[in-house]
Amino acid sequence: MLIRVEGLTYTYAAGTPLERAALRGVSLDIRAGERVGILGPTGSGKSTLVQHVAGLLKPTAGRVWLGDVVAHARTRAARARRRQVGLAFQYPEDQTFERTVFREVAFGPRNLGLDEAEVLARVRWALGMVGLDTTRVMGRVPFTLSGGELRRVALAGVLAMRPEVLILDEPTAGLDPRGRRELLAQVRTWQEETGMTLLLVSHDLAELPRVVERAVVLAGGGVVADGPVRQVLSDGEALRVAGLDVPPTVALLRALRTAGWSVRTDRLLPEEAAAEIAEARDILHSIADDGGGHP
Amino acid sequence: MNLLLPGTHVAADSVLHRLDPRVKMGGALLLMVLPFAAGSKDRPCLASTLLLVAFVAVLVVLSTAPIRALLRTLRTVLWVGFFMFFFYLFTTPGQPLVAVGGIRVSWEGLLAGGTQIYRLCLLVTVSALLTFTTSPAQLAHGLEAVLAPLGRLCLPVREFTRAFTIVLTIALRFVPTLFDEIEKITRAQQARGADVRSPSPVQRVRTWVPLFVPIFVSAFRRADELAMAMEARGFRSAHRRTHLHRLQLTGRDLMASLVLVAVGLAILGLERWAQ
């Protein structure tokens, strides 16, 4: 399904002294199966935007279309569409409530009205997808798990609904660097296996290019950059406007360039940057060999 | 959340914001008690009701509080009020207006039920107004100052008042936070297909379970973390403290007190006269 955001504006606490515009006229199209990263500083409207896509907030102005229905509409068709959009909030482990891990993950599938055999199959599948030992954790009380495990259980709860569109709001927040890398690698696998549309809100600029193909940068409630992830993340100007830093690899390549090396600056991943630098070094060496006659 | 709940404070600059917290607390207490100052029929007379409503309406306008948010809050409160309304409607003896089988509805019952709703709305409005115009720190300071004379009588009272003001301040501070949390968790469960807006009451009550567990868990965790943070910063409830800002009554506070006393006397007078 095509997600179309049209002139979306949202104001919190409209008409009170606490009034605050979170989004101002945001427009975007997201194709089925696309992998989109949403970046921006705190308070830029990322979470508000993705909640609109899930139909949880009613826009102050503008519209969000899920295919041919309006996301927040109260019709049967709209409700059916919303169920195909899975959203995991920030710190999803804070929203767990069931007595066992199984029941926790089964909550979504049961709300879809699936029969118990299908629910069980989905719970097993989802727990496997998040890398948990299904037989070990299914009967456990969620609060006895570690923070990282509980996060995975909560994400499994969303995956088990087998959404067509998966939205993750900072899934790696509060994890250690290794946990972040592993989780993002898993997110990539989920997308590849199911072909779902992925909206990933993340601050992990260094890891993001491994997961998404397109990046949208929000700042002050508006879109300041939208394009292929390489282009957006190596564009220092757009990131500076949004108050974000370029990824460390890009910063290094830029410094080398300033120092006179002829390297491209849009190599985002460490291994790509290393290859680029090695290539530039080899060229330098060969020039040196040709001209200077050193051994 | 587009409601004006008791506990919400906005640091605006209005006449009411600048008043001394002691005057505001005293005034709030007076305005909450006055609707109960009834004549012999256990309900206030029309004239005093109108006067009180008009006075509170003027205060709301003076405070620059968002009137639409306040009305929305009162609409929510009405759900509770309806129960009280029907309770009084059916249980108050009097001349029956309508009688269906064993159920009789009297004019007195109608008035008594209406009175309860009026009192409830006034209670919510006045307490919302107090916290809207007075920061939790000011409230605590005012409360401590008001209770201080009790402390001179014996020591435990003083310690108790300090602890009590802190408990109250923290409780007020977390009312809006708790409501934000409820809203966030509601949305998270909605995203997992919970039918929060289902018309069936049974279905609705069932959707509360997924809300209450995480909310209680986070409230307890928050309380624990807060306690530790306070201790880490050397907090002891029994310590005697001085204040950066001393409460000082000004001419403005005197004027406000006089107005409050005048309104109070006027209402008591009207009630007396109506008897």
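## Contact between the chains

In this predicted model, 23 residues of chain A and 19 residues of chain B take part in the contact, where two residues count as touching if their C-beta atoms, placed from the backbone, lie within 7 Å. On the side of chain A that touches chain B, the elements giving two or more residues are helix H3 (101–111) and helix H6 (147–159) of chain A, and H3(A) provides the largest share, three residues. Helices here are DSSP runs (H or I, at least four residues), numbered from the N terminus.

By class, this side of chain A holds 13 nonpolar, eight polar and two charged residues; Ala, Val, Leu, Ile, Met, Phe, Trp, Tyr, Cys and Pro count as nonpolar, Asp, Glu, Lys and Arg as charged, and the others, Gly among them, as polar.

## Numbering and confidence

Residues are numbered from 1 along each chain as its sequence is written, while chains are lettered from A and ligands numbered from 1 in the order in which they are written. Because the model is predicted, local features need pLDDT of at least 70 and side-chain atom pairs count only at pLDDT 80 or more, whereas totals for chains, interfaces and linings use all residues.

## Helix H3 of chain B

Helix H3 of chain B covers residues 46–63, and its 18 residues should span 26 Å at 1.5 Å a residue, which agrees with the 26 Å between its end C-alpha atoms; the expected span is 1.5 Å times one less than the number of residues. Ser48(B), Leu52(B), Leu59(B), Val60(B) and Ser63(B) are the buried residues of H3(B), buried meaning that 20 or more other C-beta atoms lie within 10 Å of a residue's own, and exposed that 12 or fewer do, with C-beta atoms placed from the backbone. Seen down the helix axis, these buried residues fall within an arc of 110 degrees, so they line one face of H3(B); the arc is that of the directions from the helix axis to the C-beta atoms.

The buried residues of H3(B) pack against helix H1 (15–18), helix H4 (67–91), helix H5 (107–133) and helix H10 (251–274) of chain B. On the face turned away from the buried side, H3(B) carries the exposed residues Leu46(B), Leu50(B), Ala54(B), Ala57(B), Val58(B) and Val61(B). Thr64(B), which follows H3(B), has a positive phi, near 60 degrees.

## Domains of chain A

The domain assignment of chain A gives domain 1 (1–84 + 165–175 + 200–245) and domain 2 (247–295), with bounds that come from an automatic or database domain assignment. Their C-alpha centres lie 36 Å apart, and the contact takes eight residues from domain 1 and seven residues from domain 2.
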